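Subject: Structure handover

Hello,

Here is the structure I promised to pass on. Please open it first, then read my notes below.

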Amino acid sequence: MQATPLAPAIRDLRLLDTCVTLGQMATAAPSLTADNILAVMDKHDILEALVHHNEARVAYPRARGNRRLLQWIAGIERLHPVWALEPPPAADPQAARALVEEMLAAGVRVARLMMGVAPPFLWLWDDLCSALEEHAVPCLLDFADTRVFTQASTQSAPSDAAIDHLRHICLAHPHLPMILSHVSGGLGIAYSVVPLMRRVPNLHLDITSVVDYWRKIAVDMGPERVFFATGMPFYDPATLVSNVQYARGLDLGAKQAICGDNMRRLMGGVR
């Protein structure tokens with residue numbers, strides 16, 4: 001009798017990391033650049049990655065860091081650029097549309113919404129989310145307060161109050177894919193996250209919370225609601241890779257969806 005393998009081979013998962021930060025770090029985390037990121041990815045059998053530039057997250061104007069990202073990764077097909085965005089300062093649908101059209105024209109198909117700085121109020125984000133929704137751009141929600149020097153990491157733990165405000169955005173923009181990115185705290189995630197995901201199908205979660213939340217969501221709501229991410233360079237990729245590789249209750253197809261096919265599908269649907 002042939003033994004059933006305990007876990008799929010790493011390469012069978014076709015890993016696509018949805019949370020990687022390039023650029024100089026203000027903390028003890030190692031700096032990732034276009035020169036060393038592929039070696040790190042190869043070490044952990046990560047085929048592709050969504051990458052943003054730390055300068056775009058922590059410094060103004062964000063456009064400078066976004067442009068630097070494109071310069072750094074030009075011609076590297078395994079790296080997909082992500083622009084860090086926040087709403088235009090005034091209510092201006094045309095300015096929001098222009099920003100999104102500039103992003104798409106540059107070949108960027110994923111946005112990172114800086115909700116730790118610009119709070120998730122519908123009236124504040126409505127114009128930008130409308131423009132992103134028009135093109136079905138997948139959005140990674142970054143709740144880290146990058147104005148705090150010690151909070152350079154992408155890790156954050158949004159409160160239940162913040163999640164309640166996010167509910168209004170999800171309901172107002174039901175065709176905008178939104179993914180809670182690197183949301184994890186010392187005691188897990190806010191109580192309201194999972195109940196909200198049951199109520200709004202366009203809200204998703206990545207696996208950087210090493211507690212069992214993402215596994216329960218994948219089993220109860222479907223693997224299409226969960227995305228692989230490591231949070232590099234702030235988290236050790238090996239921990240996150242093994243978490244999904246050895247997760248119980250999920251077959252190979254479900255793990256492949258989580259590990260990359262979900263994001264590939266969303267990026268392929270950008271119009």
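Helices and strands here are DSSP runs, numbered from the N terminus: a helix is H or I over at least four residues, a strand is E over at least two. Keep in mind that this is a predicted model.

A29 lies 130 residues from S159 along the chain, and their C-alpha atoms are 25 Å apart.

D212 is another loop residue, placed between β7 and α8. Its relative accessibility is 48%, so D212 also counts as partly exposed. N243 is 31 residues away from D212 in sequence. In space, the two C-alpha atoms are 9.7 Å apart.

Helix packing

Two packed helices are described by the angle between their axes and the distance between the axes. I looked at two pairs.

Take α4 (residues 93-105) and α5 (residues 122-134). Their axes come within 8 Å and cross at roughly 45°. That makes α4 oblique to α5. The crossing is right-handed. From α4, the contact uses P93, A96, R97, L99, V100 and M103. From α5, the contact uses D127, L128, A131, L132 and E134. By type, the residues of this contact are 8 nonpolar, no polar and 3 charged.

Helix α5 also packs with α6. Here the axes come within 10 Å and cross at roughly 35°. The crossing of α5 and α6 is right-handed. L122, W125, C129 and E133 of α5 make the contact, with H168, I169 and A172 of α6. The residues of this contact split into 5 nonpolar, 1 polar and 1 charged.

The cores

Which residues touch the most other members of the largest nonpolar core? They are L132, L141, L166 and L203, in a core of 70 residues. L132 is also part of the α4 and α5 contact. Look at L141 in detail. Not counting residues up to four places away in sequence, L141 touches L113, M115, L166, M178, I179, L180, S181 and L203. There is a second, separate core of 10 residues. Among its members are L16, L50, V110 and F227.

Around α8

Helix α8 covers residues 213-221. Its buried residues are W214, R215, I217, A218 and M221. What covers them includes two strands, β7 (203-206) and β8 (226-227). The cover also includes the helices α7 (193-199), α9 (237-245) and α10 (252-268). Just after α8 comes G222, which takes a positive phi of about 110°.

A buried methionine

M41 lies in helix α1 (residues 37-43). Is M41 buried or exposed? It is buried, with a relative accessible area of 0%. Leaving aside neighbours within four places in sequence, M41 is in contact with I46, L47, E48, A49, R78, L79 and M232. V183 is 142 residues from M41 in sequence, and 22 Å away from C-alpha to C-alpha.

Backbone points to check

Most residues other than glycine have a negative phi, and most peptide bonds are trans.

- Y60 and P61 are joined by a cis peptide bond, with omega about -5°. P61 is in the loop between α2 (54-58) and α3 (62-73).
- M232 and P233 are also joined by a cis bond, with omega near 0°. P233 is in the loop between β8 and α9. M232 is one of the contacts of M41.
- A136 is not a glycine, yet its phi is positive, near 55°. A136 is in the loop between α5 and β5. Its relative accessible area is 11%, so A136 is buried.
- H182 is not a glycine either, and its phi is positive at about 55°. H182 is in the loop between β6 (178-180) and α7. At 0% relative accessibility, H182 counts as buried.

Best wishes

Note on methods:
Residues are numbered from 1 along each chain as its sequence is written. This is a predicted model: local features need pLDDT of at least 70, side-chain atom pairs count only at pLDDT 80 or more; totals for chains, interfaces and linings use all residues. Side-chain values use heavy atoms; hydrogens and water are left out. Axes are lines fitted to C-alpha atoms, for helices over the stretch in contact, and angles run from 0 to 180 degrees between N-to-C directions. Angles under 35 degrees count as roughly parallel, over 145 as roughly antiparallel, 65 to 115 as roughly perpendicular and the rest as oblique. A crossing is left-handed if the near helix is turned anticlockwise from the far one by less than a right angle, and right-handed if clockwise. Contact means heavy atoms within 4.5 Å. Ala, Val, Leu, Ile, Met, Phe, Trp, Tyr, Cys and Pro count as nonpolar, Asp, Glu, Lys and Arg as charged, and the others, Gly among them, as polar. A nonpolar core is a set of buried Ala, Val, Leu, Ile, Met, Phe, Trp, Tyr and Cys residues joined through side-chain atoms within 4.5 Å. Buried means under 20% relative accessible area, exposed over 50%, partly exposed in between (1.4 Å probe, protein chains only).
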